[in-house]
Structure formats: C-alpha cells, structure tokens
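The tour moves from one selection to the next.

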Amino acid sequence: MTTSPDHVASREDLAAFVRYLYRSYIDEGASWSNADLSAFLEALAAWIDDADGWYSNAGRQIPSNGDWSFLARALRAASIYE
C-alpha cells in the first residue's frame, strides 16, 4: 500500500494512496485537523494555492508538467461516481 505521496508514480499508486487516506480517515478521522468534507476541501484549495512555498521549503521544484486536469477530473467525478 502506498502511504507516502513521494511513492506515487502511477495512477494505480494514486488510487492506493487515496485508499490509504480513506482508511486513515475511518480509523483516525477524529484526529484529523480537517475531519469534515467542507474543511478538507477548503484546506486542499489553500494548500494548492500555497504549494510553491511547501516545495520551496522542502528544496524541491513544483511539478510544472503535472497533469492537474486529471486530479481535477478525479475530484469532480468523486462527487457523482457510484
């Protein structure tokens, strides 16, 4: 199971990582800082806005060729996919 974002190198790894987050939420959700969907999505948007700072502080370059539309489509689809 992929438990670190640094080990996500494929679509399958991303799905495994999301499942890991889901399991973490089920097991420890009360300890999450953003334990409801509204807070989680707001924090997600804030982190995306501030990602340049995180990458800079970590001594990394933000991925310029990331497929941002794939993640956007996945997030949108999760609101309707059964």
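A polar contact is a pair of N or O atoms within 3.5 Å, where, within protein, one must be able to donate a hydrogen and the other to accept it. Keep in mind throughout that this is a predicted model.

**Stop 1: a polar contact.** Select Ser-24 and Trp-32. Their side chains are joined by a polar contact of 3.3 Å. Ser-24 sits in helix α1, which covers residues 11–28. Is Ser-24 buried or exposed? Ser-24 is buried, because its relative accessibility is 15% and buried means under 20%.

**Stop 2: along helix α1.** Stay in this helix and pick Arg-23 and Asp-27. Both residues belong to α1, 4 residues apart, which is about one turn of the helix. Arg-23 is partly exposed, at 41% relative accessibility.

Now select Arg-11 and Glu-12. Here too the side chains meet in a salt bridge, 3.8 Å from N to O. Arg-11 counts as exposed, because its relative accessibility is 58% and exposed means over 50%.

Stop 3: Tyr-25 lies in helix α1. Its relative accessibility is 35%, so Tyr-25 counts as partly exposed.

**Stop 4: a link across the sequence.** Go to Arg-60 and Asp-6. Which kind of pair do Arg-60 and Asp-6 form? They form a salt bridge, and the closest N and O atoms are 2.8 Å apart. Arg-60 is in the loop between α2 and α3 (68–77), while Asp-6 is in the segment before α1, so this pair ties together parts that are 54 residues apart in sequence. Arg-60 is partly exposed, with a relative accessible area of 40%. The salt bridge count comes to 3.

Stop 5: Glu-42 is part of helix α2, which runs over residues 37–57. Is Glu-42 buried or exposed? Glu-42 is exposed, because its relative accessible area is 55% and the cut-off for exposed is over 50%.

Note on methods: Residues are numbered from 1 along each chain as its sequence is written. This is a predicted model: local features need pLDDT of at least 70, side-chain atom pairs count only at pLDDT 80 or more; totals for chains, interfaces and linings use all residues. Side-chain values use heavy atoms; hydrogens and water are left out. Helices (H or I, at least four residues) and strands (E, at least two) are DSSP runs, numbered from the N terminus. Buried means under 20% relative accessible area, exposed over 50%, partly exposed in between (1.4 Å probe, protein chains only). A salt bridge is a side-chain nitrogen of Lys or Arg within 4 Å of a carboxyl oxygen of Asp or Glu.
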